[in-house]
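Work through the exercises below with the structure at hand, and try each task before you read its solution.

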Amino acid sequence: MADVSKSDTPLKATFKVRLNGETVTLATVGQAYRFITNLSSVEWMEFRSLHDDAVVALERAAGNAMLSIPATNALRALFVRSKML
């Protein structure tokens, strides 16, 4: 898929994360991709490997819905480790 951020491929779980006092709901590959790529790289520095894994998994899932499970798992690992969930 050319633009991952516009993907409507559903994730296998809906994530509700709090950022700056507001709840953000992530239900699709595009929403999750925009969320983790729009934050600065400094904010993800401590979790760089998990962040990179999640980005790659989302890029793959955007073109193949069968890969939404690994993408969901990569996001879950990133959010749990960064204490966003």
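**Exercise 1.** Determine which helices and strands the protein has, how they follow one another, and how its overall dimensions compare with the globule rule.

*Solution.* In this predicted model, the secondary structure amounts to 3 helices and 2 strands, and reading along the sequence gives the order β-β-α-α-α. The radius of gyration is 12 Å, close to the 12 Å that the globule rule gives for 85 residues, so the protein is as compact as a globular protein of that length. As a further step, the C-alpha trace can be laid along its principal axes, where it spans about 30 × 25 × 20 Å.

**Exercise 2.** Describe the surface and the contacts of the protein as a whole, asking what share of its residues is buried and what share of the contacts between residues at least 6 apart in sequence joins residues at least 24 apart.

*Solution.* Begin with burial: a residue counts as buried when its relative accessible area is under 20%, and buried residues make up 39% of the 85 residues. The protein exposes about 5,100 Å², of which carbon and sulfur atoms supply 51%. Turning to contacts, among those between residues at least 6 apart in sequence, 52% join residues at least 24 apart. Finally, the charges can be located, and the mean positions of the 10 positive and 8 negative charges are 7 Å apart.

**Exercise 3.** Find the aromatic pairs of the protein, and explain which parts of the chain they tie together.

*Solution.* The count comes to 2 aromatic pairs.

Phe35 lies in helix α1 (residues 29-38) and Phe79 in helix α3, so the pair links parts that are 44 residues apart in sequence. Phe35 is buried, with a relative accessible area of 9%. Taken together, Phe15, Phe35 and Phe79 form one aromatic cluster.

**Exercise 4.** Is Ser68 buried or exposed, and which residues does Ser68 touch beyond four places away in sequence?

*Solution.* Ser68 lies in helix α3, which covers residues 68-81. With a relative accessible area of 2%, Ser68 is buried. Leaving out residues up to four places away in sequence, Ser68 touches Thr9, Pro10, Lys12 and Ala61.

Terms used:
Residues are numbered from 1 along each chain as its sequence is written. This is a predicted model: local features need pLDDT of at least 70, side-chain atom pairs count only at pLDDT 80 or more; totals for chains, interfaces and linings use all residues. Side-chain values use heavy atoms; hydrogens and water are left out. Helices (H or I, at least four residues) and strands (E, at least two) are DSSP runs, numbered from the N terminus. The radius of gyration is taken over C-alpha atoms; the globule rule is 2.2 Å times the number of residues to the power 0.38. Buried means under 20% relative accessible area, exposed over 50%, partly exposed in between (1.4 Å probe, protein chains only). Contact means heavy atoms within 4.5 Å. Accessible areas come from the Shrake-Rupley method with a 1.4 Å probe; for residues, only the protein chains shown count as cover. Lys and Arg count as positive and Asp and Glu as negative; His and the chain ends are not counted. The place of a charge is taken as NZ of Lys, CZ of Arg, CG of Asp or CD of Glu. Rings of Phe, Tyr and Trp (its six-membered ring) pair if their centres lie within 6.5 Å; planes under 30 degrees apart count as stacked, over 60 as edge-to-face and the rest as tilted.
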